[in-house]
Structures are given as C-alpha cells and as structure tokens.
Amino acid sequence: MNRATAHVDLGAIRHNIQTLEALAPQSQFMLAVKSNAYGHGLHEVVRTALDAGVTSFGVLESTAGLELRSSGVDVPLFAWMHGRDTDFAAAAEARIDLGVQTFWQLEAIAASGAGVVPRVHLKIDTGLHRGGADQPRWTEFVTEALRLQALGKVEVVAAWSHLSDTSHSADLESTALFRSAVEEARSLGAQFELLHLGASAAVIDLPEAHFDLVRVGIAAYGISPFGDRSAADLGLRPAMQLRAPVLDARHGLASIAVGFGDGIQSDPDGGAFVLVDGHVAPVVEVGVDETVVALPSGAGQVAAGSECIVFGDGTHGEATAEQWAVWGETVGDEIVTGLTKRVLRDFAAA
Ligand SMILES: *Cc1c(COP(=O)(O)O)cnc(C)c1O
C-alpha cells in the first residue's frame, strides 16, 4: 500500500451492534449509516448489520436509501434530510420512510404524486433546534399532517425527535417534552406505529428515551458518544484502523503517507502520536500529503515502507480515533467520517 488505508473490522461492528442491542432489548434497532456509514463503507456495513439482525437503517438522505434499494436491501429505511430537489416520489415508491421536519417538506411530500402513499415520521423539536416543529407550531403541524392523511396524501406512521446529548438532565427534559408532544398529537387523532428519540448516548445512558426504536450511529462503529468514557470502558470495539506507510526516514524523523488531504487533523497542543513499527512516534507536523513524526531511539530499523498505525483500537499501543478527537478538539465522529476519498478502504469479514 502506497497510501493511507482504513482497515475496517466488520466483526467489531457486529460485536458493537450486539452489545448495544442488548442495552435496549425492548426497542427495534435502526443503524444510522449516514456519510458512508460514518466513513466505514455503506454497503459492507449494511451487509454486516443485516447479518447481525439489524432491522432498519437510517440513511440521512433518500438518495443513499435508493442506492441501498438498488443493491437489494429490502428492510425499512428512514431518511430525514431533504432539500428542495429531493425526489420524494422516488423515495416513497422505494418504500423509504420520510422524516418530516418542516411544513414545506410535508406539503412537498403530499404533492409529490408518488404511486404509493408516502409514509411520514413527524419531527418535534425538543430542544436541539436542529429541525422539527417547535412546540408552538406542533399542533398546527400535526393537524396539517392529519388533514393530508385524510386526503390519502401521506400516512403518518411515527413521531420522533433527536436529543442534544449535552447533559443527562437536558436529555431527560427533552424526553418529557417528546412525551407530551406525542400525547397532544394523539389527542388530535394521530395514531403512531412508532415513537423514536434516542441515539447512541441514550441507548447506553437513558432508558427513558428508548421508546419503540433506537437510531444508533457512532457507538456501533466503536467510538464512545461520551467525553468521559472510552469505547473500551463501554465494551465497544473501534472498527477502523488507519494505517499508512513510511515514505522516508532519516535524522530521527520519518514522513508518513497521510495528511490533511486524507482527513487527518492537526494537533495544536501537541501530544499526538502514531505507532511506527511498534514504536510510539510523536507527530511533529501534519501537511497536506505527509505527516512528519519523530522517531524514538531504538527505531533505527524504520525505513521507507515501514508500517505506521495512525489510529486503531489501541491494542497495539496505538492511539484511538477518540484520542485524535481530543487532540483535534473535535469528536470521534469527525475523525472517522472526515477521512477523504483518497483513503483506501479494506475490509476484514465479520
Ligand atoms: C446521526 C443521527 C443519529 C445517530 O446518532 P449517534 O449519536 O451517532 O448514535 C440518530 N438520529 C439522527 C436523526 C441522526 O442525525
């Protein structure tokens, strides 16, 4: 391999799914596979998850759902990010359930002329302020959805929201808001097949938010949704290992074939390291195509072609994506999802 390669351990994803499923045994398990399954490879992850018993997928945009349908995936799919150019008819006809966040989406879906009745999940904003009807407009939103349902233009199948994960108490408060919004919608005549609210953090820490279905993303890939507990603390296995070859080594420095162009973060505070031939090598400088690291004494045999682990599950002494997130002052989601197209993907079977 001449360039950085992300090795994805599908067995780790299977393990994580089973671990997380056991934490919400009363709920259906929807795996969030947005952004190419958080950078892990959409189709490979979906195949593994189906094998592990996952019953539905959250795809963000309906185009990803259409892609899964054309590859033969038959289970329920849920898409919730729509633009003015979204082809709602095609999505509905592909039996993709549509999350509805705004009035214009509701109207556009109802007017799409789909050959089947589009199935919609109504979103209430419970405090995250990232879409959904806020409380003052919820009554009107539900009323309009029920009017369109009576006309046979949509089928209202679910109510849902998304937690901010900023604190346990904020999430409990959002959960209570969700419950009362659902009660209100029911009093207006809504009959929901499904209620869904929680994602990774709630699966682990907030049973009150499990409801009928949980939408799980980052934890399934082996990255903790919490700042104060690692994947290992949670019994999860990081599924991605990023490796890159040494391009050159001399005068105690080595350049590695990975950089910003691959999605690597810089480390303003220092502390970042990689593992070169088993040696911890501090990062000196990240460039577009290469990263320079300092070789410790004892790493004399390191040469062009030597292998470097940028991050992995930590079992060889390498950093995890969670550690890179701390160094880059971001979240682990960004480390794995942010890898660019230039990074090759390689899969170990489940
Ligand atoms: C990304 C996303 C999820 C999954 O969240 P994680 O924290 O990664 O588990 C669930 N629901 C929605 C609406 C999302 O956007």
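These legends go with close-up views of the pocket, ligand and cavity in a predicted model.

Residues are numbered from 1 along each chain as its sequence is written, and side-chain values use heavy atoms, with hydrogens and water left out. Local features need pLDDT of at least 70 and side-chain atom pairs pLDDT 80 or more, while totals for chains, interfaces and linings use all residues.

**View 1. The largest pocket.** There's about 910 Å³ of space in here. A pocket is an open set of points on a 1 Å grid over the protein atoms alone, with protein on both sides within 12 Å along at least five of seven lines, and lining residues have an atom within 4 Å of a point. Volume is the space filled by probe spheres set on the points, which are joined across faces, edges and corners. Of the 43 lining residues, Tyr38, Asp165, Ile218, Val331 and Asp333 sit nearest the centre.

View 2. H10 (321-327) is among the elements that supply at least two lining residues each, and its four residues are the largest share. Helices (H or I, at least four residues) and strands (E, at least two) are DSSP runs, numbered from the N terminus.

View 3. Some 13 residues surround the ligand, with Lys34, Tyr38, Ser200, Arg215 and Gly217 the closest (near means a heavy atom within 4 Å). Polar contacts here are pairs of N or O atoms within 3.5 Å. A polar side-chain atom of Arg215 is 2.8 Å from a ligand nitrogen, and one of His162 is 3.5 Å from a ligand nitrogen. Gly217 puts a backbone N or O atom 2.8 Å from a ligand oxygen. The protein buries 92% of the 390 Å² that the ligand exposes when taken alone (Shrake-Rupley areas, 1.4 Å probe).

**View 4. The largest cavity.** This one has a volume of about 30 Å³.

Definitions and conventions:
1 Å grid on protein atoms, 1.4 Å probe; cavity = no way out; pocket = protein on both sides within 12 Å on 5 of 7 lines; lining within 4 Å. Polar contact = N/O pair within 3.5 Å; in protein donor to acceptor, adjacent residues only side chain to side chain.
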